[in-house]
Amino acid sequence: MVKPAEIFEANIPRPLGELREAQAFAPSNIALSKYWGKRDAGLNLPLNSSLSISLGSWGTETTIRPSEQDTLIFNGTKMASDTAAAAKIWRFVDLFCGVGRPALAIETSNNIPTAAGLASSASGFAALTLALNAAFACNLSKPTMSMLARFGSGSATRSFWQGFVRWDAGDAPDGSDSFATPLEVDFPSFRIAILTVDSGPKSHSSTDGMTHTVRSSPLFENWPDKANADCAEIERHIRNGNFVAIGELAEANALAMHATMMAARPAVCYLKPETWSILQDLWRARQDGLVAYATMDAGPNVKLVFEESTASDVLNVFPNAQMINPFEGSSV
Ligand code: 2P0
């Protein structure tokens, strides 16, 4: 069985170039067709393909510098190396650099408003991979970086591009075909709104939540095939510019993912009463003609998707919505 270190050794030229200061940015992303479930936990390989939209200028910026000793600063605060989040980051750095690496100072910050409560492991591991690639002059391609970033966090595979991005699950046992590709479709009217319910830490990590769901949910067996079909269908609707079909399917896909979790024993439920209250308001408004759809990840916050012409109607129903224009200033 292939080990993660062997995959990094095979893809990153050794010895590494001389370390120099480098900075990189990666956008956060929201899946319209979700990744839930792993076929190989050691290589972090998904059971199904997924498709996301990146969040433009919302994401993570990471700087790497030579240093006397390893240090990690997150949003301006030094992180002890024995926290779970820091250990995950240093494990990834060790995989990337191999044995005998120089000491590094990593400074990373999210410009996503903390109150939005958006998980940032996707943009975090993509920005870290981009910064390591630049700091050691590795000259890796984005598909290769996407494949390697998977070892930090699955959703990071999708954070190397703006716009719509598809992560192909792949079927190679070593995961060499499990990386993301941009769809390169411009959709300037596409908008996202974040409705924050809770910005605190989640009850279960995504990794734990999906492992438990795969093991114990009687509904999970139908998920991988349905998720793959949703992914292909959403891509087709994106290419045809059919916003309503994209939104309907994205909402149904998110609810189906949460249904698999709620059927687990014991149940995994990231959604809170306020999440359901927002959904009720949305569904009521939709009966009155609002063309907006919801999606929820491993947490209680709701993300709406809609088109620019609907923005003021969305704000009428949800005055606290934080609006994002994912295609602003970018040509995909
Ligand atoms: C997604 N999520 O497609 C899905 C939907 C959450 C719900 O990808 O275990 O933090 O590190 O690969 O990437 C969150 O999972 O999980 C996620 P790991 P990750 O966006």
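Predicted model: local features only at pLDDT ≥ 70, side-chain atom pairs only at ≥ 80, totals over all residues.

Colleague: Great. Which residues come nearest to the ligand?

Modeller: There are 18 residues around the ligand, and Tyr35, Lys38, Gly154, Ser155 and Thr207 come nearest.

Colleague: What does Tyr35 do there, in terms of distance to a ligand oxygen atom?

Modeller: A polar atom in the Tyr35 side chain sits 2.6 Å from an oxygen atom of the ligand. For Thr207, an N or O atom of the side chain is also found 2.6 Å from a ligand oxygen atom. Gly154 uses its backbone: an N or O atom there is 2.8 Å from an oxygen atom of the ligand.

Colleague: And how much of the ligand's accessible area does the protein cover?

Modeller: The ligand has 470 Å² of accessible area on its own, and the protein covers 92% of that.

Colleague: Which helix gives the most to the shell?

Modeller: That's α5, residues 206-216, with three residues in the shell around the ligand.

Colleague: OK, changing topic. At what angle do α7 and α8 cross?

Modeller: Roughly 150 degrees, and their axes come within 15 Å. Helix α7 spans residues 243-262 and helix α8 spans 273-287.

Colleague: Is that crossing left-handed or right-handed?

Modeller: The crossing of α7 and α8 is left-handed. On the α7 side, the contact is made by Glu251, Leu255 and Met262, while α8 brings Trp276, Leu279, Leu282, Trp283 and Arg286. By class, that contact has six nonpolar and two charged residues, with no polar ones.

Colleague: What about the loop between α7 and α8, which proline lies there?

Modeller: Pro266 lies in that loop. The peptide bond leading from Arg265 to Pro266 is cis, with omega near -10 degrees. There is also a cis peptide bond between Arg14 and Pro15, where omega is about -5 degrees. Pro15 is in the loop between α1 (4-11) and β1 (22-33).

Colleague: One last thing: is phi of Asn44 positive or negative?

Modeller: Positive, near 45 degrees, and Asn44 is a residue other than glycine. You'll find Asn44 in the loop between β2 (38-40) and β3 (45-46).

Colleague: Thanks, that helps!

Conventions: Residues numbered from 1 in each chain as written. Heavy atoms only, no water. Near = heavy atom within 4 Å. Polar contact = N/O pair within 3.5 Å; in protein donor to acceptor, adjacent residues only side chain to side chain. Areas by Shrake-Rupley, 256 points an atom, 1.4 Å probe, with all protein chains shown as cover. Helix = DSSP H or I, 4+ residues; strand = E, 2+ residues; numbered from the N terminus. Axes fitted to C-alpha atoms, helices over the stretch in contact; angles between N-to-C directions. Left-handed = near helix turned anticlockwise from the far one by under 90°. Contact = heavy atoms within 4.5 Å. Nonpolar A, V, L, I, M, F, W, Y, C, P; charged D, E, K, R; others polar.
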